[in-house]
Structure formats: C-alpha cells, structure tokens
Amino acid sequence: MAYLRDMEELIGTIEDVNMQSYMREALRCYMTDAHRACIIMSFITIHENIYTKLDRLSLVNSTAKKIYDEITPLKENQAVFEKEMIDRLSKENIISKLDASFVTLLGNLRNKSAHPSGHSPSAEEARYIFSESISRFLSKPILSAHQVSDEILESLGGGNLFPTLKVSDYATIVQHELSRLSLEGLPYLLNKLIYNLDNSNETIKINALRFILGMGYEGAKDEILASIKKILIEKQAHKTERENFIILLVSCNYKLLEDLSPPTYIRLNEVIIKNNNQSDITDSTNKTKNPLQNLKSISKLSPEKSKINFMRSASSIINKFKYNTNLYPIVEECSWMMDELFEKLLDQAKNYDFATANNFAKFIINADDDVSKILTSKQCFSLLVGIYKANTYGATHSERIIVNEFKSIPLIKEKALTGVLEEKGQYQDILKEISGDDSLHIDTFLPSE
C-alpha cells in the first residue's frame, strides 16, 4: 500500500505532464481527507490517459484509429464512452484482458464512492486506487506486450532499421522501441528475436542480431540484462551456431557476465578462447568481435569474479596480445591480469629460443614508454635481467641491448634503477634468481649513473 511519500514519487513516473497535473489534484484531495474526490479524480484520469494514448497510437495503428474515430464523437458529445473504449481495446488486445478487468474493478469502487450508496471511502481505499491507477496505467504504454513486440518484429525486415554500424546507435534505436514495451513482454520479444537469428532473410537475421546487441549495450536496464542472461546466454551458450553472437554480446556489457551458472562460465571461456585463437592479430582492436573487447568487459568485473570465472580465457587473450600496447590500459587496473602480462613478458625476455627472445628484444625497444608506465620498478628490473639471460643463450638482439647498457630502453632502465637504489638487497635476489648466476653483482649489472 502506498503512503504519502510513495504517492508523491509515483506521480514522477508519469511521463504525460497533463496526467501528472490531474494526479497532483487527486493527491491534494487525499491530503485534505477528501477521499471520495481522490478516487473519482484517479478514475477519470485513467480514461483520459488511455484516450490520449489511443490518439497517438491511431497515427500508426489502423485498428486503434478505427476505435479512436468511433469513440471520439461520444466523448465530444459528453456521452458515456469509457466502457465502450475499454471493451473495444480489450477485444483487439490493445490492452490486456487483465488490465480491462482491473478498470472494471476500479469503476465499481468509483461508482460506490460517487453515488449515494452509503459507502464512505477510507484513506486506504483512496491510496489503493490512486497508486494502482498510476502503476497499472498512467506510467505504462497503452499497447499490450505482444502487440508492441509484433510491431518490432515486423520492422526487422526494414533495410534502414539500423542505418549505421555503431552498437551505441543500435542501443539508441532499441531504447526508443522498448519505451513502448512493458517488462512482461520482454521474454516473448527476446525469444522471437533469437528465433529470427536463423531467419533465411538476411536483413531480418542481421537486424535481429543488432536489436539484441542494442538491448544488451551499456546503460541497459537491469531487468533487460537479466532477461538476456536467462533466456539467451544461459540457454544458447552451448550452441556452436551462437558462438559469434555470444562473443559480440560479451563485448557489449560486462554486466552480462555477472551471476551466471558454473556450466555457462565454462562454455563462455571456451567460446572466448576459440574466438581469440581464430582472430587475426593485425585486425583493428576496436571491432566488437576483437578479443580485446571481450577482455575489456571481463576486466570491468571485480578482480575476484574475473579471476575465478575467466582466468583461462583472459590469460589466452593476454598471451596473444602481449605485444599489442592496446592491451595495457585494459589490464592496468586489474592486479591479477597485470601479473599475467608481466609473467608472459618476462618469459619472452629470458626465453632460450633465439627467435622468441629476439622478437621480445625488438618489441621492447619500441614499447619502452608503454611498458615502463604500467610495470613496477621490480618488474622493469626483472625484464632487464631476462634480457641478460637471453643474451647468455646467444640471442643477438638481446645482446645488442646488453652491449648498449640498456640505453635503447631508457625509461625501463630508469624505473628499475630507482628501485635498486631503494632496495638493493631485494633486487640482488631477483638478479640471482632470474639470471641463475650467483657471481653476478647488481652494481656491475646495473651501475648507478
């Protein structure tokens, strides 16, 4: 049951300013104990609101236009039109049978209050009618859930439904379409959209995909995301024909990765790893399907959740893109991902395979600035020792860095040296551990300048 503060807040959920004004008048009646007037005003507003929405709907819906054209003369001549309007709308499924029945119930309560029946409305009765009038009618679209969904589904054949290739534009268009749909209609719409992902008509197929991506994009309501997770991700992740689509969804919104079942996390990891393995390292990383966009979503989860649920797939992406500095801002705020990146870079730096070590040496010279910014002093120092280790194996590019006394990577060297000056003993231990040379002293390896 709504109370005074709730009643005031309910008015704010009404989009139509005229309806807001009517209900504020009903609230003023309630506050002066004129409960009978509050009930009558609420009931009148329902019908006025439905008639107004019917007027707007008649511009795009032929059935609604026919009803509107027949009801309008009755209203203009001040004849009784309310029951006829509700009956017609209910018969055509423009409003649900349940809502029509509720209007009848409210009508009975209104009649008991408006006529000398001996009934004296209570404050509780007035609050009930006031709150239900808003929550069931004034704050919602007039269309039934299925009718809105069917109109949306019919529009999928339009070649200009989504005129750009930006997912953010998909979201803007979808948000507008869903503004007419009640939450109860989401499962029906989503299941129909999923069905159309296999449509033989390529336009319908692509538009269904884009519509769902728009539904799941950043900023989507929690109720919509919950439906996508339950109906699509949980129930479709096991299907190989949905793999590419799942990948796109993962990139759209990190919230779609929260609170899934353990089997779904297992499947998602495999789908993400497969996409990563098949991706071209030279492709633009800004594309929604790119593994780095998957990783960006994963990185936005809490470190605990991302590590528990996506350790395998995230590590796979980090390993593949370790030499792509677009990776670094993504993992920088996640400690375990940073540890993964560092371990993979160190493994490359000290690798006994000439080609691997030389590739790292060529990379690090060009990435001196990017790497020095994200790694700690100890990690920078460890890379220097790793390069030295590869040099002892005969890696020529590593050798050049050593002969040049790390001058080709000045920022990494400077950061490492800062740590050495503060904690020489610990850095000596790192030097021995990585190089395997107990006779190598840190003052010789990295003298202060």
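**Helix packing and cysteines in a predicted model**

Visitor: At about what angle do helix H19 (residues 354-366) and helix H22 (residues 396-403) pack?
Guide: This is a predicted model. The axes of H19 and H22 lie 7 Å apart. The two helices pack at an angle of about 45 degrees.

Visitor: Which word describes H19 and H22 relative to each other?
Guide: Their packing angle is about 45 degrees. Roughly parallel needs an angle under 35 degrees, and roughly perpendicular starts at 65. H19 and H22 are therefore oblique.

Visitor: Which residues in H22 meet H19?
Guide: On the H19 side, the contact uses Ala357, Asn358, Ala361, Lys362, Ile364 and Ile365. Their partners in H22 are Thr396, His397, Ser398 and Ile401.

Visitor: How many residues of the contact of H19 with H22 are charged?
Guide: Five residues of this contact are nonpolar, and four are polar. The count of charged residues is one.

Visitor: At roughly what angle do the axes of helix H10 (residues 186-195) and helix H11 (residues 202-216) cross?
Guide: The two axes come within 9 Å. They cross at roughly 140 degrees. Roughly antiparallel needs over 145 degrees, so H10 is oblique to H11. The crossing angle is roughly 140 degrees.

Visitor: Is the crossing of H10 and H11 left-handed or right-handed?
Guide: Take H10 as it passes H11. That crossing is left-handed.

Visitor: How many residues of the contact of H10 with H11 are nonpolar?
Guide: H10 brings Leu186, Leu189, Leu190, Leu193 and Ile194. H11 brings Ala208, Phe211, Ile212 and Met215. No polar and no charged residues take part, and the nonpolar count is nine.

Visitor: How far apart are the axes of helix H16 (residues 303-320) and helix H18 (residues 335-349)?
Guide: H16 and H18 pack at an angle of about 25 degrees. That is under the 35-degree cut-off, so H16 is roughly parallel to H18. Their crossing is right-handed. The axes are apart by 10 Å.

Visitor: Which residues of H18 make the contact with H16?
Guide: H16 contributes residues including Phe310, Met311, Ala314 and Ile318. By class, the contact has eight nonpolar, three polar and three charged residues. The H18 side consists of Trp336, Met337, Glu340, Leu341 and Lys344.

Visitor: Is Asp33 buried or exposed?
Guide: Asp33 sits in the loop between helix H2 (17-31) and helix H3 (35-57). Its phi is positive, near 65 degrees, in a residue other than glycine. Its relative accessibility is 59%, and the cut-off is over 50%. Asp33 therefore counts as exposed.

Visitor: What is the relative accessibility of Gln78?
Guide: Gln78 lies in the loop between helix H4 (62-76) and helix H5 (82-91). It is not a glycine, yet it has a positive phi of about 60 degrees. Gln78 counts as exposed, because its relative accessibility is 75%.

Visitor: How many disulfides does the structure hold?
Guide: A disulfide needs two cysteine sulfur atoms within 2.5 Å. The structure holds zero.

Visitor: Which cysteine has the sulfur nearest to Cys38?
Guide: Cys38 is in no disulfide. The nearest cysteine sulfur is 6.6 Å away and belongs to Cys29.

Visitor: Is Cys38 buried or exposed?
Guide: The relative accessible area of Cys38 is 0%. Buried means under 20%, so Cys38 is buried.

Visitor: What is the relative accessibility of Cys252?
Guide: The cut-off for buried is under 20%. Cys252 counts as buried because its relative accessibility is 2%.

Note on methods. Residues are numbered from 1 along each chain as its sequence is written. This is a predicted model: local features need pLDDT of at least 70, side-chain atom pairs count only at pLDDT 80 or more; totals for chains, interfaces and linings use all residues. Side-chain values use heavy atoms; hydrogens and water are left out. Axes are lines fitted to C-alpha atoms, for helices over the stretch in contact, and angles run from 0 to 180 degrees between N-to-C directions. Helices (H or I, at least four residues) and strands (E, at least two) are DSSP runs, numbered from the N terminus. Angles under 35 degrees count as roughly parallel, over 145 as roughly antiparallel, 65 to 115 as roughly perpendicular and the rest as oblique. A crossing is left-handed if the near helix is turned anticlockwise from the far one by less than a right angle, and right-handed if clockwise. Contact means heavy atoms within 4.5 Å. Ala, Val, Leu, Ile, Met, Phe, Trp, Tyr, Cys and Pro count as nonpolar, Asp, Glu, Lys and Arg as charged, and the others, Gly among them, as polar. Buried means under 20% relative accessible area, exposed over 50%, partly exposed in between (1.4 Å probe, protein chains only).
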